[in-house]
There are 2 protein chains.
Amino acid sequence: MSASYPVVDIHTHMYPPSYIKLLSSRTTVPYIYQPTEADNSPDSDPRLIILASDDDPSRPKASRGRPVDSTYSSFDQKRSFMKRHGISCSVISLANPWLDFLDPESALETAQGINDDLETACAKNNQSSDHGSLKLYAFGCLPLSAPAKDIVSEIKRLKTLKHVKGVIMGTTGLGKGLDDPDLDEVYSALASTSTLVFLHPHYGLPDSAFGGPEVVARSGHVLPLALGFPLETTIAVARMYLSGVFDRHPKLQFLLAHSGGTIPFLAGRIESCVAHEREFVANGGHRQGPQRSIWDVLHTNIYLDAVIYGQPGLRAALEAAGSVDRIIFGTDHPFFPPLGNEHESRWLSVESNKGAIDGTFPHDEEAKKQILGGNAVRVLGLDI
Amino acid sequence: MSASYPVVDIHTHMYPPSYIKLLSSRTTVPYIYQPTEADNSPDSDPRLIILASDDDPSRPKASRGRPVDSTYSSFDQKRSFMKRHGISCSVISLANPWLDFLDPESALETAQGINDDLETACAKNNQSSDHGSLKLYAFGCLPLSAPAKDIVSEIKRLKTLKHVKGVIMGTTGLGKGLDDPDLDEVYSALASTSTLVFLHPHYGLPDSAFGGPEVVARSGHVLPLALGFPLETTIAVARMYLSGVFDRHPKLQFLLAHSGGTIPFLAGRIESCVAHEREFVANGGHRQGPQRSIWDVLHTNIYLDAVIYGQPGLRAALEAAGSVDRIIFGTDHPFFPPLGNEHESRWLSVESNKGAIDGTFPHDEEAKKQILGGNAVRVLGLDI
């Protein structure tokens, strides 16, 4: 990529040092394991064990999960990745599972600390003349295990941090999913502060959905990552939609990871099943269930990232979004590194997402410009 | 629809009378319950309880599942539906859960009986002058709980039935999924006889994938049908692909229900996760896991029906299939009837699928002709 316009990556994660320290202090998922000599492991990088399925007790700890090298926490390496791929601005977000696992007492303080770290790092980067025109912004994290008033207060405080441009959130909400009525207070705060929510999966599906743990184990991380992640997002968004969250909070703004899981592909089927659901029309006349069409929600409340690795998915995303203005480039860095030498080559994962955009718009520079940067600048109000 | 070319519906189910009798003799899922006066139910139609989630013990039996009226078993009503929607040919298939639940001893004989019934009904229809130009063909069913030799013998016998143009199958195979190595003998027989497999979901996802049975119950059938069904297909096909079924059986021909679940949307992500999977490249050099790209499989081994209820999904299906030649019209009749008066109006479920095709090809009659009928005629060798 060497574009004449800003290229903004809105799906790019970091575990800032304070978060690495937090995970390293833990021994249950999520945690970071530092191999010792006793492990006799060929690789001395710490291991990041973030998925329940990573923590397979039949494997030695030194080979569970994935290696977590400095790519995960180094701002220098983030910038180096950006330069190599022609990315002028990254909106970094804490990677999953964010703060979902914290006890209620420590959650607010931890969230504030991490959000302040992100703000400081972005401010320092953007004010420095050392990094050329590379800019950093961030999505903040929320103390979702804390009492609702603490969550709301952090949502409001984040508006005072100049480089924080929204929040990243998983699919469990306060612990019971995104259709939990207790989230209404949080949704109201998000809507009234015009805070964009970057919704990202983490928990995947239970192993039983894939046929059991032995089936999952046969293909490494492929089933949980390739399917579990997007299907988790799909279910979470469908539950929100069906429970009327977007009816009650018509100003909510969500950015969905991985082009919406599979929502763009299945939106028509969801709409059809709602229209044919006896429970929703049982009382003759007044329809129960969601009042707005899912297309209206997609066109009004939802942005989709372009992390979909192929033209078929991107086509569906564009068509479901109703406009090129709602699709936003991302990389998912530092995940999916090339398995050869991640420090030298251009990343296949980035090239396939970029290639899908180029292939879909071979003769439409304006569309590419919007997806690769213009939309992010406009939607997040980036100063670049 | 009033086209100047054949319109073929390849996704249209029937429970022929012999199958209705079988289900009516059962009291565990799948079964048909005939309400009695004691039920004091406003509706006297029998109830079809086919999904585990339908059989909710907290509800009276007379309100579990869905009403099963004569639409499910009447050839006259099938023809009436066809006429009303301008469909000239239907390739009928037994609806889920087929014969998955039979004990091994009775499975072969039951399959033969039902397949013979389907053949006879189609032959009688096509020879009669009473039905104008309306033609019927069928997908047969397999005795998958029987020993492999019985399954193979029925696959071979079906080739002698002139109106049977393939088989319909669920995602459990012999009970352990479609990546079960014990299926290789069956796949060999399907490939060597050039038998098209119509793959259709039934089991959905476990309730826990949606957040538990209470979450599912809040939206009637929407979560199991709108998401559970296509996600089941997605997982089943991904497991087949990852286990190398299409490497070992490069001539297999599958038709995937509901435009492939979500495979078209997620194919790029699956491909990317395979390319980035450490387990598959662990032994340096020779890649483990699937040898063919998922795009090659989609372009060679897979057809997709067009039962996707919207343009975004259809776009992805077309793009993933690589050609308009691999997308085939269907209706899913008699499911998703209009909730008002199903005997008079045109069905919304049909119109939305037809509308997606029209909307995608507003000026391309040739593409519409292929999707609506030409592809089915060519792929199945229909004599119409």
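Reader: In which secondary-structure element of chain A does A:Asn126 lie?

Author: A helix here is a DSSP run of H or I with at least four residues, a strand is a run of E with at least two, and both are numbered from the N terminus. A:Asn126 belongs to helix α3 of chain A, which covers residues 104-127. The model is a predicted one, in which local features need pLDDT of at least 70 and side-chain atom pairs count only at pLDDT 80 or more, while totals for chains, interfaces and linings use all residues. Residues are numbered from 1 along each chain as its sequence is written, chains are lettered from A and ligands numbered from 1 in the order in which they are written, and side-chain values use heavy atoms, with hydrogens and water left out.

Reader: Is A:Asn126 buried or exposed?

Author: The classes rest on relative accessible area: buried is under 20%, exposed is over 50%, and partly exposed is in between, with a 1.4 Å probe and protein chains only. A:Asn126 has a relative accessible area of 13% and is therefore buried.

Reader: With which residues is A:Asn126 in contact, leaving aside its neighbours within four places in sequence?

Author: A contact requires heavy atoms within 4.5 Å. With neighbours within four places in sequence set aside, A:Asn126 is in contact with A:Leu134, A:Lys135, A:Leu136, A:Tyr137 and A:His163. Two of these residues, A:Lys135 and A:Tyr137, fall within strand β6 of chain A, residues 135-141.

Reader: How many bridges join β1(A) to β5(A)?

Author: These two parallel strands are joined by 5 bridges, and A:Thr12 stands opposite A:Ile92 in β5(A). On to β6(A), strand β5(A) again pairs in the parallel sense over 5 bridges, with A:Tyr137 in β6(A) as the bridge partner of A:Val91. Next, β6(A) pairs in parallel with β7(A), residues 164-169, over 3 bridges, and A:Gly140 faces A:Val167 of β7(A).

Reader: Which residues cover the two faces of strand β10 of chain A?

Author: In β10(A), residues 302-305, both faces are covered: A:Ile302 and A:Leu304 lie on one side, A:Tyr303 and A:Asp305 on the other, and all are buried. Strand β9(A), residues 254-256, is joined to β10(A) by 3 bridges in the parallel sense, with A:Leu256 opposite A:Leu304. The pairing of β10(A) with β11(A) is parallel over 2 bridges, and A:Asp305 has A:Ile328 as its bridge partner.

Reader: Which residues is A:Leu231 in contact with, beyond its neighbours within four places in sequence?

Author: A:Leu231 lies in helix α8 of chain A, residues 222-242, and counts as buried at 0% relative accessibility. Apart from those neighbours, its contacts are A:Leu205 and A:Thr262 in chain A, together with B:Leu231, B:Ile235, B:Thr262 and B:Leu266 in chain B.

Reader: How is the sheet in chain B paired?

Author: In chain B, 3 strands form an open antiparallel sheet in the order β2-β3-β4. Its edges are β2 (31-33) and β4 (66-67) of chain B, each with a single partner strand, so one side of each lacks a neighbour in the sheet. β2(B) pairs with β3(B), residues 47-49, over 3 bridges, where B:Ile32 has B:Leu48 as its bridge partner.

Reader: What is the radius of gyration of chain A, and what would a compact globule have?

Author: The radius is taken over C-alpha atoms, and the globule rule is 2.2 Å times the number of residues to the power 0.38. For 384 residues the rule gives a value near 21 Å, and chain A, at 21 Å, agrees with it. Buried residues are 61% of those 384 residues.

Note on methods:
Pairing = 2+ DSSP bridges.
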